[in-house]
Amino acid sequence: MSSNTLQKDWYEILGAGLSDSQQELRHKYQRLILLYHPDKQSADVPAGELEERAQRFIEIDQAWKILGNEETKREYDLQRREVAMTQKWPVDAQVPLEDMNWIEADQCYTYSCRCGGEYILPVDEAEENMFLICCHTCSLSIEILNKS
Ligand SMILES: [Zn+2]
């Protein structure tokens, strides 16, 4: 994956959320790609507008190349998290690990964000002493305090 992959928010380009399934992502991609496909534009669209749509079409295609593949999507998600941790994202609260909900079936901890979204922490990432996780819906993050 090239180093400029992170310069764009591929989820936003697809109008998708971090928690969308592959199927949901595919639906959104297919709807957009039809909307912006150069061959699908009507004759009365002004040239400048056509150019913008063609640009959008390329971005949508790039977004799907990354998010439509399990492996590159995982890599991108991971890189986003790393960037989020080095940047100063708004920290909404400090939450002790024991206050999070343990979801046995998914082997992860969850915590409700005040936006109605959810923080999700896979168990194999719950080893560090203190770290930030980002809400899957909004841009807030919480600091997890792990005393053990
Ligand atoms: Zn949130």
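This is a predicted model: local features need pLDDT of at least 70, side-chain atom pairs count only at pLDDT 80 or more; totals for chains, interfaces and linings use all residues.
Which strand holds the place of Ile 144? Ile 144 sits in strand β6, residues 141–145.

Residues are numbered from 1 along each chain, as its sequence is written.

First, the layout. The protein has 4 helices and 6 strands. Both are DSSP runs numbered from the N terminus: helices are H or I with at least four residues, strands are E with at least two. Along the sequence the pattern reads α-α-α-α-β-β-β-β-β-β. Of the 148 residues, 16% are buried. Buried means 20 or more other C-beta atoms within 10 Å of a residue's own; exposed means 12 or fewer; partly exposed is in between; C-beta atoms are placed from the backbone.

Now helix α2, residues 22–36. Its 15 residues reach 21 Å from first C-alpha to last, close to the 21 Å expected at 1.5 Å a residue. The expected span is 1.5 Å times one less than the number of residues. Which residues of α2 are buried? They are Leu 25, Lys 28, Tyr 29 and Leu 32. They lie on the same side of α2, because they cover an arc of only 100° around the axis. That arc is taken from the directions from the helix axis to the C-beta atoms. An α-helix has 3.6 residues a turn, so residues three or four places apart point the same way. On the other side of α2, Gln 23, Gln 30 and Leu 34 are exposed. The cover over the buried residues of α2 includes α3, residues 47–67.

Next, the cores. A nonpolar core is a set of buried Ala, Val, Leu, Ile, Met, Phe, Trp, Tyr and Cys residues joined through C-beta atoms within 7 Å. The largest has 13 residues, and Trp 10, Leu 14, Tyr 29, Ile 60, Ala 63 and Leu 67 touch the most other members. Elements giving two or more residues to this core are α1 (10–13), α2 and α3. The largest share, 5 residues, comes from α3. Beyond four places in sequence, Trp 10 is in contact with Ala 63, Ile 66, Leu 67 and Tyr 76. Contact means C-beta atoms, placed from the backbone, within 7 Å.

Apart from that core lies another, of 9 residues, including Leu 121, Ile 133, Cys 134 and Ile 144. So back to Ile 144: it counts as buried because it has 24 C-beta neighbours inside 10 Å. Pro 96 is 48 residues from Ile 144 in sequence, but 5.7 Å away in space, C-alpha to C-alpha.

Methods: Two residues are in contact if their C-beta atoms, placed from the backbone, lie within 7 Å.
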